[in-house]
Amino acid sequence: MEELNTALEALRFGGAMVYPLLILGVLAVAIILDRAALYGRCLRLPETLRNQVETYGFDWTDLENQLGSLGPRNAFGRFFQVIAANRTHPAWWVESRAGDEAGGIEKVLGRGLWVLETIVTAAPLMGLLGTITGMMQSFKVIGGAGLVAPTQVTAGVAQALIATALGLLIALVALFAFNFFSRLKSRALDEMERLGSRLVDRIRLDQESASSGLSFEDRRPRRAAAVP
């Protein structure tokens, strides 16, 4: 509690630039919490679902049952559901619809990240501006006859240091959060693309089987007969 009071007391000497910096800090924390909740809810991919998509000859009904258990907000569920719902259409149509859905998911996941990226750049610059105004205040106290008010000079220096430190702290937090969420988004989209290709390959195989008159079971690879 004493450390918190000390920090609040120090912020009082940070000058006018402390207030916009605090607004940036609150905004960054709000976006971080919002993205953390969204990513934790939307990017959950059960291992059983991943294994089923990777399995040769999976059953579409079982896949749709698993997708239904994920809920409408799950990004993987939305993406795979689009492919499964259009599996009777040509493969190029399925890929087009899946691409549109992936673009929408990317927009949802990336919402607010540009604000974090802006804070990464703006916070140090605002801290630097607070540094300049604090030093100007210190130099203004020094008259032509020399140092006239040491306490006012040190107050200006404190204002400069506090604004700089606060700006750098906010920028570092926003930078780590931005890189973390960007990495999660990139990995999720890559996984969707990879697993989506598996589903489209299965659709192509089903369509080839239907055109050739062979069932999917007939196209399964069989073991070679043992030579006596």
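The protein chain of this predicted model has eight helices and zero strands. Read from the N terminus, its elements run α-α-α-α-α-α-α-α. The chain holds 228 residues, and buried residues make up 36% of them. Of the contacts with a separation of 6 or more, 75% are between residues 24 or more positions apart.

The packing of the helices can be taken pair by pair. Two packed helices are described by the angle between their axes and the distance between the axes. For helix 2 (residues 18–42) and helix 6, the angle is about 145 degrees and the axes are 10 Å apart. On the side of helix 2, Arg35, Leu38 and Tyr39 take part, and they meet Val108, Leu109 and Gly110 of helix 6. By class, this contact of helix 2 with helix 6 consists of four nonpolar residues, one polar and one charged.

Helix 4 (residues 60–70) and helix 5 (residues 75–85) form another pair, with an angle of about 150 degrees and axes 9 Å apart. The crossing of helix 4 and helix 5 is left-handed. Helix 4 contributes Trp60, Glu64, Leu67 and Leu70 to the contact, while helix 5 contributes Gly77, Phe80, Gln81 and Ala84. Five of the residues in this contact of helix 4 with helix 5 are nonpolar, two are polar and one is charged.

Which residues of helix 3 are buried? In this element, which spans residues 47–54, they are Leu49, Gln52 and Val53. Viewed down the axis of helix 3, the buried residues fall within an arc of 95 degrees, so they line one face of the helix. As background, an α-helix has 3.6 residues a turn, so residues three or four places apart point the same way.

Helix 6, which covers residues 91–110, includes Glu101, and Val94 is also found in helix 6. Is Val94 buried or exposed? Val94 is buried, because its relative accessible area of 1% falls under the 20% cut-off. Beyond its neighbours within four places in sequence, Val94 is in contact with Ile83, Asn86, Arg87, His89, Val200 and Ile203. A C-alpha separation of 9.8 Å is found between Val94 and Leu199, which are 105 residues apart along the chain.

Glu101 has a relative accessible area of 19% and therefore counts as buried, the limit being under 20%. Which side chain does the side chain of Glu101 join in a polar contact? The partner of Glu101 is Arg78, at 2.9 Å.

Glu191 is buried because its relative accessibility is 17%, under the 20% limit. The side chain of Glu191 is joined to that of Arg50 by a polar contact of 2.9 Å. Once neighbours within four places in sequence are set aside, Glu191 is in contact with Leu45, Arg50 and Phe76.

The two glutamates can be set side by side. Glu101 is buried at 19%, and Glu191 is buried at 17%. Glu101 has its polar contact with Arg78, whereas Glu191 has its polar contact with Arg50.

Note on methods. Residues are numbered from 1 along each chain as its sequence is written. This is a predicted model: local features need pLDDT of at least 70, side-chain atom pairs count only at pLDDT 80 or more; totals for chains, interfaces and linings use all residues. Side-chain values use heavy atoms; hydrogens and water are left out. Helices (H or I, at least four residues) and strands (E, at least two) are DSSP runs, numbered from the N terminus. Buried means under 20% relative accessible area, exposed over 50%, partly exposed in between (1.4 Å probe, protein chains only). A polar contact is a pair of N or O atoms within 3.5 Å; within protein, one must be able to donate a hydrogen and the other to accept it, and residues adjacent in sequence count only if both atoms are side-chain atoms. The arc is that of the directions from the helix axis to the C-beta atoms. Axes are lines fitted to C-alpha atoms, for helices over the stretch in contact, and angles run from 0 to 180 degrees between N-to-C directions. A crossing is left-handed if the near helix is turned anticlockwise from the far one by less than a right angle, and right-handed if clockwise. Contact means heavy atoms within 4.5 Å. Ala, Val, Leu, Ile, Met, Phe, Trp, Tyr, Cys and Pro count as nonpolar, Asp, Glu, Lys and Arg as charged, and the others, Gly among them, as polar.
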